[in-house]
Amino acid sequence: MAENKQNGQPSQPLLSSSSGVVDGRANKLKSLNPVTGESDEPILVGFEDVSAAAYRIRKGVRKTPCDRSNMSETLKMDLYFKKEYLQHTGSFKERGARNTLLMLSKEQKKKGVIAASAGNHALALSYHGRDLGIPVTVVMPLNAPIMKISACRKHGAEVHVNGADLIESKEIALKMAKANLLAYINGYDHPDILSGQGTLGLEIVEEVPDLDAVVIPVGGGGLIAGVAVAVKGLRPDVQIIGVESERCASFQAAMDAGHPVKIDAIQSLTLADGLCVSKVGSNAFATASGLIDKVISVSEDFIALAILRLIEEEKAVVEGAGVTAFAAVLAGLLPELQDRKVVIPLCGGNIDSTVLGRCIDRGLAADGRLCRFIVTVSDRPGGIAELTRLLCSLGASVKDIFHERAWLVSSVFSVQLKVVLEVRDGEHGHQVKQALTQQYPNNLLWGLDLGFTASTSRITET
Ligand SMILES: Cc1ncc(COP(=O)(O)O)c(C=O)c1O
């Protein structure tokens, strides 16, 4: 966790609707390479760029609801969710994609665009490209979800599944851009992408005018940069807090270094795969860093728990990348927001059903509603029945049970059972543990990190 380290204190906005600190857009884009979408000097996006984008995309992108959460009382804050998972392709990425496509020159609109993306950016470009009659090519890494690959094809994009990871896919896409004169659209750093994402901030201030803070997921930094420009431009006193996955804290690394730096990050290791960008964008960082009050990171357990809570309490299916800001609130990482009016964008809902199933299980475990233990019981008739009778009397339900005889070093008339239980809550789990400890005083191992070994004969706290 860190305050803004660039200037060592909660930051003041650099840009505002009236400050005119930032050059006009035409000057800024002079230095932007039309093929790579990159520039020698970082390009700052200004409030005027965001408000122009809002006008430009008003007919093609949904204005999503920003509703008060059912969990406000429990979490002791006036909490609002901006429901970006309700966009046509399931994420806020449509804002930047449509804005960027509309900003292309007439010739470039004919030639088309290309992007490297494993998901939401590719989907957004494909959908709006078809809507605007602009050819879109996307290069997706080999591990991109099949569902997203076929959705891009369905939206009429030319899809190349190539590259071991996003970095390789980007290299391939840049070569294709050069060869075919396509414009490469970086999904988190192109200035027009940042301006488009900023329209989310304008809507938040319009929908919840007296807000105190916005908490935003951070990947490559494009979303937080645009939203920070919009919100600080209208309401400089509102706090902007970014949340990364603990497994890819590249924005914090950039804040510490004073410029974007590459960190080690493996996409498959985080549930927030959409946030796994090993080096944040230079335009995004230059635009955002002076406007952000704080960046923190959150663990996988709370990301899973946040997905589960949103399903149960809000009837909302939100992907890992889209819940990290809410996960930080659930993890108690933002106590200063208690009793404040807080807006959290739920940024995207594109999650594979298989991944969703795993997230629900992990969320239940993190919530103490799934627990597991190993116990050694008598292998005589009735030994296992005695255990299940006890569990039944306690109201716990057996989800999985596995029994093992071959590696036990105790009596040959013993059997070791590995059990996964469903319980009502953490308190109920504790009662079950107490009762089992009483019944099997020397033969119970309770907890999270259980090895299934023969010598298990002690009680372990989790
Ligand atoms: C659902 C979702 N939320 C948040 C983000 C973060 O956006 P950015 O990369 O602009 O920081 C992404 C990026 O892909 C995303 O897909």
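**View 1. The surroundings of Pro-217 in this predicted model.** Leaving out residues up to four places away in sequence, Pro-217 touches Leu-223, Val-243, Leu-275, Ala-321, Gly-322, Thr-324, Ala-325 and Cys-347. You will find Pro-217 in strand E8, which covers residues 213–217. Is Pro-217 buried or exposed? Pro-217 is buried, because 30 other C-beta atoms lie within 10 Å and 20 or more are enough to count as buried. For a sense of how the chain comes back on itself here, look at Ile-241: 24 residues separate Pro-217 from Ile-241 in sequence, while their C-alpha atoms are 8.7 Å apart in space.

**View 2. Val-215 and the largest nonpolar core.** This core holds 118 residues, and Val-214 and Val-215 are the ones with the most contacts inside it. Helix H10 (residues 222–234) supplies the largest share of the core, 9 residues. Now follow the contacts of Val-215: apart from neighbours within four places in sequence, they are Ile-241, Val-243, Ala-325, Ala-328, Val-329, Leu-334, Val-342 and Ile-344. There is also a second, separate core, made of 15 residues, among them Ala-396, Leu-421, Val-423 and Leu-444. As a general reminder, nonpolar side chains tend to be buried together in soluble globular proteins.

**View 3. The crossing of helices H2 and H9.** A pair of packed helices is described by the angle and the distance between their axes. Here, the axes of H2 (residues 47–57) and H9 (residues 191–207) come within 8 Å and cross at roughly 90°. The two helices are therefore roughly perpendicular to each other. On the H2 side, the contact is made by Asp-49, Val-50, Ser-51, Ala-53, Ala-54 and Ile-57; on the H9 side, by Ser-195, Gly-196, Gly-198, Thr-199 and Leu-202. Sorted by class, the residues of this contact are 5 nonpolar, 5 polar and 1 charged.

**View 4. An open sheet of 4 strands.** Reading across the sheet, the strand order is E13-E14-E12-E15, and the pairing is antiparallel. Which strands form the edges? They are E13 (397–404) and E15 (444–446), each of which pairs on one side only. From one strand to the next, the twist averages 15°. Take a closer look at E12 (residues 370–378), which pairs with E15 in the antiparallel sense over 3 bridges. Val-375 has Leu-444 of E15 as its bridge partner, and Leu-444 is also one of the residues of the second core.

Notes. Residues numbered from 1 in each chain as written. Predicted model: local features only at pLDDT ≥ 70, side-chain atom pairs only at ≥ 80, totals over all residues. Pairing = 2+ DSSP bridges. Axes fitted to C-alpha atoms, helices over the stretch in contact; angles between N-to-C directions. Parallel < 35°, antiparallel > 145°, perpendicular 65-115°, else oblique. Contact = placed C-beta atoms within 7 Å. Nonpolar A, V, L, I, M, F, W, Y, C, P; charged D, E, K, R; others polar. Core = buried A, V, L, I, M, F, W, Y, C linked by C-beta atoms within 7 Å. Buried ≥ 20, exposed ≤ 12 C-beta atoms within 10 Å, placed from the backbone.
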